[in-house]
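This report describes one protein chain for a reader who is new to structures. Please look at the sequence and the model first, then read on.

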Amino acid sequence: MEDLSWGAITLELLRLFLPVWIALILTFVLSMRYRRKLGLYGKLFDSTIGMIGFAIVMFWVYTALFAPMIVNHDVLSQISPLKNKLPGSTAPDGSHYLFGGDHLGRDVFSRVVAGSRVVISIAPLATLFAFMVGITLGLPAGYYGGKLDTVLSFIANLVLAFPVILLFYLLVTPEIAETGLPQYIAVVLFLMPLLFLILLINSRYYVKPQLRNIVIGLIVVIGGWFYLSLVSETETRVNVLPQVLDLIHVPANILIVFVSVVFVNSPTVFRIIRGLVLDIKTRDYVSAAQTRGERPWYIMLWEILPNARGPLIVDFCLRIGYTTILLGTLGFFGLGLSPESPDWGSTINAGRKLLTIAPYPALVPALALMSLVLGLNLLADGLREESLKD
């Protein structure tokens, strides 16, 4: 069979991404139909910039979701005749490498699509955990002030004083990993979402102790099992759960990267939350809640936090973009993730050595990374624009 032309490559891409196009169309049709009932998300569709950013982000989300249906080659299979070949090159079995082959003869297109799953699975979840940590510590620091605020702010500033790349390097290097330090950090950081949920339910249903105790009990049992499953791994320094109950297995390198991202982002989120609380706690509705005799954590979680949602949602989108760049940087330097990982940073690093003679193995994942970060930034701009209208 002959190699494909760019026109044929485009048609093949449109065909392979058909599940993504269908999902995008359905998402936009349903969102536009019910946008007046969807709050800030619905208002996003009044912003052209926001819609463009949302479309780009959801394209990659659906690509990650439907990746097994899209990839046309195994991401690790190597075909020697296709090393550094141009896009559209034909394999011996008659299939095509739509974006060419890398230096090992692997399909660049399939690796970029599979790499989206690494980014989409780690970046939003790590950012969410960082927000849980920042909110849980930032709310009392800003509300109570005093020595608590001084101590927590000092710790946050101490972490932020380290250069980000150096801090990442220290956390993911094998020597540090062998000491168990990343896992010990995970023990503390992963406890924060559980603590946040307990505080949230306790403050909301404090006057209904029977219901409160049942819900908190479920959170402690189910959430505690998830927590122990995440931090406990066999043949490591943190192995507190019997293997028969440890049903969540996170590869050590992924766990280290995840913990590193949460650890680096949490102090910044803490400072944002603290600053918002210092401003909002002086508002009249907070004084009214205090006059009614509401408890401090109820005021923090149900009066202050909801009124800070606009800036937090915007920062959440931006921070996913920053996290995506950090993951790409880690992969580029070969830190944390395994060398054969199809993540975009590792793929860019593998292709940069032959950039002058075979640019596609590095160019395609670089454009993918750039497009996702651009989409997140445009989405954040759209959300900011609409939130200011409230």
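## A charge over two rings

Arg204 lies over the face of Trp302, 5.5 Å from the ring centre. The charged end of Arg204 also sits over the ring of Tyr205, at 5.6 Å from its centre. A charge counts as sitting over a ring if NZ of Lys or CZ of Arg is within 6 Å of the ring centre and within 35 degrees of the ring normal.

## Basis of the values

The model is predicted, so local features need pLDDT of at least 70 and side-chain atom pairs count only at pLDDT 80 or more, while totals for chains, interfaces and linings use all residues. Residues are numbered from 1 along each chain as its sequence is written, and side-chain values use heavy atoms, with hydrogens and water left out.

## Overall form

The protein chain has 18 helices and two strands. These elements are DSSP runs numbered from the N terminus: helices are H or I with at least four residues, strands E with at least two. Buried residues make up 50% of the 390 residues; buried means under 20% relative accessible area, exposed over 50%, and partly exposed in between (1.4 Å probe, protein chains only).

The C-alpha atoms fill a box of roughly 80 × 50 × 40 Å along the principal axes.

## Aromatic pairs

There are 20 aromatic pairs. Rings of Phe, Tyr and Trp (its six-membered ring) pair if their centres lie within 6.5 Å; planes under 30 degrees apart are stacked, over 60 edge-to-face, and the rest tilted.

Phe17 and Phe59 form a tilted pair, 5.3 Å centre to centre with 40° between the planes. Phe17 is in the loop between H1 and H2 and Phe59 in helix H4 (residues 48–65), 42 residues apart. Both Phe17 and Phe59 are buried. Phe129 and Phe258 have ring centres 5.4 Å apart and planes at 80°, so this pair is edge-to-face. Phe129 lies in helix H6 (residues 108–144) and Phe258 in helix H13 (residues 252–280), so the pair ties together parts 129 residues apart in sequence. Phe129 and Phe258 are buried.

One aromatic cluster is formed by Phe17, Trp21, Phe59, Trp60, Phe99, Phe109 and Trp344.

Is Ile22 buried, partly exposed or exposed? Ile22, found in helix H2, has a relative accessible area of 45%, so Ile22 is partly exposed.
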